Amino acid sequence: MANENKYQAICNILKGRIAAGFYTDKLPPRRELMQEFQVSSRTLHKVFMQLKMTGFIEPSPTGTMICRQDNGAAGAKPKIVLITPVEPSRHASDHFIRSIIANIRKYEFELVWCTCIKSNTLEMLKAQNLTSKDSVIFTNSTFAVESGNYLKEKNITFVSANRPAMGVDINWVDWNHLELFDDVIGYLVSRGARYITFFGSGSSSIGGRILPDNHWQILDDFEAVKKSYLLFYPRINEQSEELYNDAEKYVNYLLSLKHLPDVIWCGGNKTKERIAENLLRRGIKPDRIFLLCMSHIYEDRKELFGIYTQRSLQNLGDRVWELLMFSRLHPDSPCRGIKQHCEFVYNKSVKKIKFNQR
């Protein structure tokens, strides 16, 4: 029997024994189990790690204790709440989300997929009746400080697939934005672009209160890379929150400049559409300013500047999962942030652009 199959088979046997009440308070000593199943200490350690992550056992000074589930059903599967801003059907070809779901199923957690945004995340989490055996994964900027505080109070582990605002202490995995912008801006400069700017939402509002957002940290990385390419245009680099929250005001501001930008980094598709509509309303042709949209959802392929590669998306999902499992096993460890490498596939139509010939 292959090691991987033996490891999974032992997990299933022990789960069945626990559910049937074969063991009362704790598992037998590891040496006895190693002898019974004829496996090494390394294989048995792997088994114990999965049993702990799935809420069946809990190590203690007196041995490996069997957990009693809050709902009274021994061996009930812990939940992993996956939070995305759009419905599951939109993520059918998203390798980042698929990677996370594959791991949830591999380790036999119960998947709870919730579609919500920052403004209603807290209400959704309260409705789930989560316990300390459950966990939460925030994706695509769905994390909100209030929901994080609620989960901490309940001792529920969670991880964000976006870098949080400065001073927000959570576990997170995100793209290495300095590396990302160096790749993209370097490419744009090589095609002749000189006036490059950034538009996006600078804050989020819940109940009239402004919550922290990582927008300004990402923007600082963007500007740092621009400076490394000697792109110094103070007015183009305007960072007014008022401008970034209002596409109409932002376009009006651009028209007041001596030089219109060659490129506007717009983030997502909706932001790009808002900018495009306001430019057309003011008589600016669609091909006059290149609107950069880095969405990794595989819709509108012709519209995208670059698509994250399947490999980098898979790696991002795996790192999110690894960090969540580490947090479940070490709940008292300091929070960590991981910057993940990202690769791009550039659209063929973009390679034909020569900004200096416009």
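Author: Let us start with helix α5 (residues 118-127) and α6, whose axes come within 8 Å and cross at roughly 25 degrees. Axes here are lines fitted to C-alpha atoms, for helices over the stretch in contact, with angles running from 0 to 180 degrees between N-to-C directions. Because angles under 35 degrees count as roughly parallel, α5 is roughly parallel to α6. The crossing of these two helices is right-handed, meaning that the near helix is turned clockwise from the far one by less than a right angle.

This is a predicted model, in which local features need pLDDT of at least 70 and side-chain atom pairs count only at pLDDT 80 or more, while totals for chains, interfaces and linings use all residues. Residues are numbered from 1 along each chain as its sequence is written, and side-chain values use heavy atoms, without hydrogens and water.

Where do the helices meet? On α5, Thr 121, Leu 122, Leu 125 and Lys 126 are in contact (heavy atoms within 4.5 Å) with Glu 146, Ser 147, Tyr 150 and Leu 151 of α6. Those contact residues comprise four nonpolar, two polar and two charged.

Now step back to the loop between β5 (135-138) and α6 (145-153), which holds Asn 140. Asn 140 is not a glycine, yet has a positive phi of about 50 degrees. Ser 141, in that loop too, has a positive phi near 60 degrees and is likewise a residue other than glycine. Asn 140 has 28% relative accessibility and Ser 141 has 40%, so both count as partly exposed, between buried (under 20%) and exposed (over 50%), using a 1.4 Å probe and protein chains only.

Conventions:
Helix = DSSP H or I, 4+ residues; strand = E, 2+ residues; numbered from the N terminus. Parallel < 35°, antiparallel > 145°, perpendicular 65-115°, else oblique. Nonpolar A, V, L, I, M, F, W, Y, C, P; charged D, E, K, R; others polar.
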